[in-house]
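Q: I have a structure here that I would like to go through with you. Could we begin with the charged pairs and then move on to other topics?

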Amino acid sequence: MKISKLLEQDRLGQGDKTLAQNFGDGFLYTNNRIYKNVREAVIKNGYSFSSEQNSFYQALPFSQLERILANKVIPLNDNVTVLEQLTARLRDAIEWDDISDGLKKNYVFHESCHGVARAVAKDTLTSLKDMASIESQRLRTLQILMEESFSNTCELLAVSEAQDPIHRIFYEQNSYTFLFEDRTNLKNAMRDIGEKIVFKFMFLSYLHSNFLFQGLEEKQINAILKMIGDGTDLKLDPKHLKTLKALSRIAFTLDVRFRTVTTRFHLRLNGLQLTIEKLLDFNFLESITAHKEYRVFLNSLTDIALKQ
């Protein structure tokens, strides 16, 4: 596909809430509901985007998350101007395959998900600050990993709308996760089972993955369904339950080293002094059930992502 065509399609979606310097941003904002909802929510919560002074982010991205959340400025690579200059010089001679492996990506979608989750946490989890030391650190860990799980879930489910080659190209350039082979199954599940059920189920599956589980056992699945049912057993058609179990395996394809080493480093940057083994060694589903604020947190994030 010609770069000139991709740039033209991207420009059609540009507006006051899109990023002209981000390749595919205008298209995704216009054609991908979760991407658009996250953008609108993060802007509403005071975040902006900048391609200036982000050298630390370029060097070591995951070390800068708390700085991003504190300053409310999300780093951006200008990966459009270079393409415009090339197409101006070579007209329609450049194909996507010519430059796809070398074009710098942007992860403003993922970082925006973190920004939205942190903003919602400040509104919903305020009463959980005055806990005893160890419990407080563990609940702080739970919040951080729920924020990460929200980002994981948004990136996974937003792929369900990437039904054409242009959408897929732009989505791959703007996401860590782009499991196009699962698109049809995800789309069908959201239609047949219900968007919110699938979103919450995958959110809590990713949460188990980020807590370093290897997969979901029957007791965890039952606990998740009860949580989604807000304390009552959620009755599902056996076929739908089988579908959810199959989809849950996607969450455990996250890189194991990233889940351990990077999580340990991130928790340390947040001032949590306990070892990762102690921080993760508690029944977090029980904690979510015991503190209704976490259920409000989950429900609020689901509503934001799936807003019509």
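This is a predicted model: local features need pLDDT of at least 70, side-chain atom pairs count only at pLDDT 80 or more; totals for chains, interfaces and linings use all residues.

Q: Are arginine 118 and glutamate 147 buried or exposed?
A: Both arginine 118 and glutamate 147 are buried.

Q: How do the axes of α8 and α9 cross?
A: Helix α8 covers residues 108-124 and helix α9 residues 133-158; their axes come within 9 Å and cross at roughly 135 degrees. An angle over 145 degrees would count as roughly antiparallel, and 65 to 115 as roughly perpendicular. The two helices α8 and α9 are therefore oblique to each other.

Q: Is that crossing of α8 and α9 left-handed or right-handed?
A: The crossing of α8 and α9 is right-handed.

Q: Back to the charges. How many salt bridges are there?
A: The count comes to 10 salt bridges, taking a side-chain nitrogen of Lys or Arg within 4 Å of a carboxyl oxygen of Asp or Glu. One of them joins the side chains of aspartate 25 and arginine 39, at 2.7 Å from N to O.

Q: Where are aspartate 25 and arginine 39 in the chain?
A: Aspartate 25 is in helix α2 (residues 25-31) and arginine 39 is in helix α3 (residues 33-44). The pair links distant parts of the chain, 14 residues apart. Both aspartate 25 and arginine 39 are buried.

Q: And what does arginine 33 meet in a salt bridge?
A: Its side chain meets that of glutamate 161, at 3.9 Å from N to O. Arginine 33 sits in helix α3, while glutamate 161 is in the loop between α9 and α10 (165-172), 128 residues apart.

Q: Why does arginine 33 count as buried, and why does glutamate 161 count as partly exposed?
A: Buried means under 20% relative accessible area. Arginine 33 counts as buried because its relative accessibility is 18%. Glutamate 161 counts as partly exposed because its relative accessibility is 22%.

Q: Which residues do salt bridges with shared partners join into one network?
A: That network consists of Arg33, Glu161 and Glu195.

Q: New topic: the backbone. What is the phi of lysine 72?
A: Lysine 72 has a positive phi of about 60 degrees, although it is not a glycine. This residue lies in the loop between α5 and β2 (73-75). Lysine 72 is partly exposed, with a relative accessible area of 30%.

Q: What about the phi of leucine 212?
A: Leucine 212 also is not a glycine, and its phi is positive at about 70 degrees. Leucine 212 is found in the loop between α12 (195-210) and α13 (218-228). With 29% relative accessibility, leucine 212 counts as partly exposed.

Q: Last one, on the surface. Which residues form a nonpolar patch there?
A: Leu60, Phe62 and Phe258 form such a patch, with about 260 Å² of accessible area together.

Q: Where is leucine 60 placed?
A: Leucine 60 is in the loop between α4 (55-59) and α5 (65-71). Leucine 60 counts as partly exposed because its relative accessibility is 37%.

Conventions: Residues are numbered from 1 along each chain as its sequence is written. Side-chain values use heavy atoms; hydrogens and water are left out. Patches are made of residues with over 30% relative accessible area and no salt bridge: like charges are joined within 9 Å, nonpolar side chains (Val, Leu, Ile, Met, Phe, Trp, Tyr) within 5 Å. Accessible areas come from the Shrake-Rupley method with a 1.4 Å probe; for residues, only the protein chains shown count as cover. Helices (H or I, at least four residues) and strands (E, at least two) are DSSP runs, numbered from the N terminus. Buried means under 20% relative accessible area, exposed over 50%, partly exposed in between (1.4 Å probe, protein chains only). Axes are lines fitted to C-alpha atoms, for helices over the stretch in contact, and angles run from 0 to 180 degrees between N-to-C directions. Angles under 35 degrees count as roughly parallel, over 145 as roughly antiparallel, 65 to 115 as roughly perpendicular and the rest as oblique. A crossing is left-handed if the near helix is turned anticlockwise from the far one by less than a right angle, and right-handed if clockwise.
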